[in-house]
Amino acid sequence: MIPVLLIDDDQVLASLLSQYMLREGFSAHAVHDGATGVAEATSGRYAAVVLDIMMPRLSGIDALRRIRERSNVPVLMLTAKGDNVDRVIGLDMGADDYVPKPCTPSELTARIRAVLRRAGSREAGATADAPPVIEAGHLRLWRAARRAQWKGSPLVLTGTEFSLLEALARRAGRLVGKEDISLQVFGKPLARFDRRIDVHISSIRQKLGLRGDGTHWILSVRGQGYQLLVDE
């Protein structure tokens, strides 16, 4: 059984999802408030977390922020249908995917499997002959340990950010198309109007800071892709 944590104040829904997921090979444990959810999510006992955004007291966004301060466990957000603001904020804070509510149990489990496949493929490496340590200018990435260093200091990244930066670092100094990034990082073709890559790039840029001339280390080519710069 694959252990999954459900954080949702809707106890009836959480119970239904848990029962369905059990039949699909998941061992689901449900908690119903954000504070308890954070403690459980960062315990190291779960392969993935399903986190509802709309919760009383501690919201899903605040819970995600606290989780990301202590753990890179894959997190799938449940958002209100059509609420793109919540989705963008969640991705910006380090969520790995999102599902709009109401959702079917089959869609949710399919999304969880996809997130776990991406996490597994990242740990195994995108290709068998890729080096264990990737160096690109000021950046060093330890692929097996999922550890990053920038200008000699630790660089804290979410799982998705690490994979995205790895895709750019392996072709540093060259343009990497958004379609290629989507396939490498998310395991599927780029969907129209999908802003996940842009949101994660924005977060990575903030963490890398600016170059000496005030420009970003990750250059964007409108409508095409991104390029990691290695020279000042």
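**A residue in the core**

Tutor: Ile 204 counts as buried because its relative accessibility is 0%, where buried means under 20% relative accessible area, exposed over 50% and partly exposed in between, with a 1.4 Å probe and protein chains only. The model is predicted, so local features need pLDDT of at least 70 and side-chain atom pairs count only at pLDDT 80 or more, while totals for chains, interfaces and linings use all residues. Residues are numbered from 1 along each chain as its sequence is written, and side-chain values use heavy atoms, with hydrogens and water left out.

Ile 204 lies in helix α8; helices (H or I, at least four residues) and strands (E, at least two) are DSSP runs numbered from the N terminus. Beyond its neighbours within four places in sequence, Ile 204 is in contact (heavy atoms within 4.5 Å) with Glu 161, Leu 164, Leu 165 and Ile 218. Leu 164, in turn, touches Ile 181, Val 185, Ile 197, His 200, Ile 201 and Ile 204, not counting residues up to four places away in sequence.

Leu 164 and Ile 218 are among the residues that touch the most other members of the largest nonpolar core, which has 26 residues. Such a core is a set of buried Ala, Val, Leu, Ile, Met, Phe, Trp, Tyr and Cys residues joined through side-chain atoms within 4.5 Å. Elements that each supply at least two residues of this core include α6 (159-169), α7 (178-186) and α8 (196-208). Helix α6 gives the most, with five residues.
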